[in-house]
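User: Walk me through this model, please. I want to know what stands behind each label.

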Amino acid sequence: MFQLPYPIRDANASAAGDGLGNLPEWDLSDLYSGEDAPELKRDLDWLEEACASFAADYEGKLAGLDAKGMLECILRNERINQVAGRIMSFAGLRYYQLTTDASRAKFMSDLQEKITNYTTPLVFFTLEINRIEDGILDARFAENDDLARYKPIFDRIRAMKPYQLSDELEKFLHDLGVVGDAWERLFDETIAGLTFFVNGDELNIEGTLNLLTDQNRDMREAAARELASVFADNVKTFARVHNTQAKEKEIIDRWRGMPSAQMSRHLSNQVEPEVVEALRKAVVAAYPKLSHRYYELKRKWLGLDKMQVWDRNAPLPMEDTRIVGWDEAEKMVMDAYGAFDPRMADLAEPFFKKGWIDAGVKPGKAPGAFAHPTVTNVHPYVMLNYLGKPRDVMTLAHELGHGVHQVLAAGQGEMLSSTPLTLAETASVFGEMLTFRKMLDGAETQQQRKILLAGKVEDMINTVIRQIAFYDFECKLHEARRAGELTPEDINAIWMSIQGESLGPAFEFMEGYETFWAYIPHFVHSPFYVYAYAFGDGLVNALYSVYAEGDDGFVEKYFDMLKAGGSKHHKELLAPFGLDASDPAFWDKGLSMIAGFIDELEAME
């Protein structure tokens, strides 16, 4: 089933403000001019006929195709993916601009149902590919280089072979997918519709979460307590969504014979379970020397006996509270990208000039930040909720990195451009690192350097420590759900069992914090997505170390890696840099960069 884009909250995104300048909005006309665009009807009609004729021409016949026929089949399938992706990108992006608009929600849902119905006859495609003998496929690849280019797609499909169901059941699950989407929409619409009252002001969730970074501690506390209160009022709905989604996943996993709830994510990420476990173990083992040590420093800086949850992302007492206007943020990021290589700035420029970014915070707009690649014959779109804080500048650098990666990978074509989540965070985190290093080099005083270092450490803790803690929460949640229905109190207890371990003894936890699992969209939209953030951060830290050491030819190798998209495994992509993610020492190398920043902060005391 073709999935619509969904808002993945960037690990460090915050949320709206004044004095920011002219914030850009999307121009979606590069996809379609509107709901009634004749091109949209044309594409829907074409898609319906193309799916039907594809099934008529190829069902039951794939194993008998010669190399030329197999290539033609792949190219036709790729074109179907492209047209369906364009339609759903348009519907999804319009929806996330205003999730509270019933007509936009209906438009998206109706299109999703149509495309699901049109593409149901195509379910045979992957099933039949998995029934072809290895020798036959290898012979076809040897006969035709253009076909052999698509071998990674066949490898990815055939990785699911042990977990494949009958043709009839696969079609049933394909059709049933729209029901799961409805639960995701319930979550999105519930979150977008929440209202919070803080010190007399009515706010949405983005505005309220933003107050957790306010300079005023009383304001932060008021926001945290209001979040807890509103989450508690809605916790039954959130618990129902999580129970249903987890149970649906458990049923599908059980029928497929998946060895764990996480396995389907590992397969889609093209990463071995033992690599992810090595990452998890390395991060958990590093809690004391990273998050525990940093938050103890921050506790002293804030002059507190104990930190509360509303102090975790508090600005430092010496921090500059100046708002960074949009034009300045653009210049900061573009200068950093251009200093790495002028081509990076050239690739980033159209995002600012051509309506590829939607930056402002607006009522009903989806929370967080994301970069959606759309399809390879259009261009990506970036969504932000820009407030003018330093973290928002980093979020811009992050999402723009995704966008540049997606533009470069588009040359691989529709089926090979898509990068697994573990590698999808590479260019985004690298873009953040470039921007941070540029700002750090420009620091004029020790105080400025200290503030920048502390901010970067907090972002890295949010990206690595917090996301692995989220991953552990999901692992425990899905395991517990297999034993039966979970009450809100059950889920709360699982959440709290993780928090103290990851954050450390500097913290106390207010009553009500146990519900803060409720608003995190990754858990609903994309189970076990979160470890990709930690994977990407660790990978980039190791990659940046190679760059900083002056590796000859690094820039060209980096561009080649981004251009590869999803056409190569992580081992192949990292080999030119002398790196290997399956080596446990690889993750220690990345974590050592964070520890080094904390060492420097401690030395400043």
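Analyst: Helices (H or I, at least four residues) and strands (E, at least two) are DSSP runs, numbered from the N terminus. On that basis the protein chain has 25 helices and 5 strands. This is a predicted model, where local features need pLDDT of at least 70 and side-chain atom pairs count only at pLDDT 80 or more, while totals for chains, interfaces and linings use all residues. Residues are numbered from 1 along each chain as its sequence is written, and side-chain values use heavy atoms, with hydrogens and water left out.

User: How do you know whether the radius of gyration of the protein chain agrees with a compact globule?

Analyst: The radius is taken over C-alpha atoms, and the globule rule is 2.2 Å times the number of residues to the power 0.38. For 605 residues the rule gives a value near 25 Å; the protein chain has 24 Å, so the two agree. The C-alpha atoms fill a box of roughly 75 × 55 × 45 Å along the principal axes.

User: What makes Phe528 buried or exposed?

Analyst: Buried means under 20% relative accessible area, exposed over 50%, and partly exposed in between (1.4 Å probe, protein chains only). Phe528 has 1% relative accessibility, so Phe528 counts as buried. Phe528 lies in the loop between helix 21 (522–525) and helix 22 (531–548). Its phi is near 70 degrees, a positive value in a residue other than glycine. Across the protein chain, buried residues make up 60% of the 605 residues.

User: Why is Asn199 called exposed?

Analyst: Its relative accessible area is 56%, so Asn199 falls in the exposed class. Asn199 sits in the loop between strand 1 (196–198) and strand 2 (201–203). Asn199 is not a glycine, yet has a positive phi of about 50 degrees.

User: What makes Lys106 and Asp110 a salt bridge?

Analyst: A salt bridge is a side-chain nitrogen of Lys or Arg within 4 Å of a carboxyl oxygen of Asp or Glu. The closest N and O atoms of Lys106 and Asp110 are 2.8 Å apart, and the pair forms a salt bridge. The two are 4 residues apart in helix 3 (residues 102–119), so about one helical turn separates them. Lys106 is exposed at 51%, and Asp110 is partly exposed at 33%.

User: Which residue forms a salt bridge with Arg254, and how far apart are the closest N and O atoms?

Analyst: Glu250 does, with the closest N and O atoms 2.7 Å apart. Arg254 and Glu250 are 4 residues apart in helix 10 (residues 217–256), therefore separated by about one helical turn. Glu250 is buried, because its relative accessible area is 11%. Arg42 and Asp43 also meet in a salt bridge, at 3.0 Å from N to O. Asp43 counts as buried at 8%.

User: How many salt bridges does the structure hold?

Analyst: The structure holds 39 salt bridges. Glu25, Asp358, Lys362 and Lys365 are linked in a network of salt bridges.

User: Why is Phe172 called partly exposed?

Analyst: Phe172 has 47% relative accessibility, so Phe172 counts as partly exposed. Phe172 lies in helix 8 (residues 167–193).

User: What makes the nonpolar surface patch?

Analyst: Patches are made of residues with over 30% relative accessible area and no salt bridge; like charges are joined within 9 Å, nonpolar side chains (Val, Leu, Ile, Met, Phe, Trp, Tyr) within 5 Å. Phe172, Leu176 and Val179 make this nonpolar patch, of about 250 Å². Accessible areas come from the Shrake-Rupley method with a 1.4 Å probe; for residues, only the protein chains shown count as cover.
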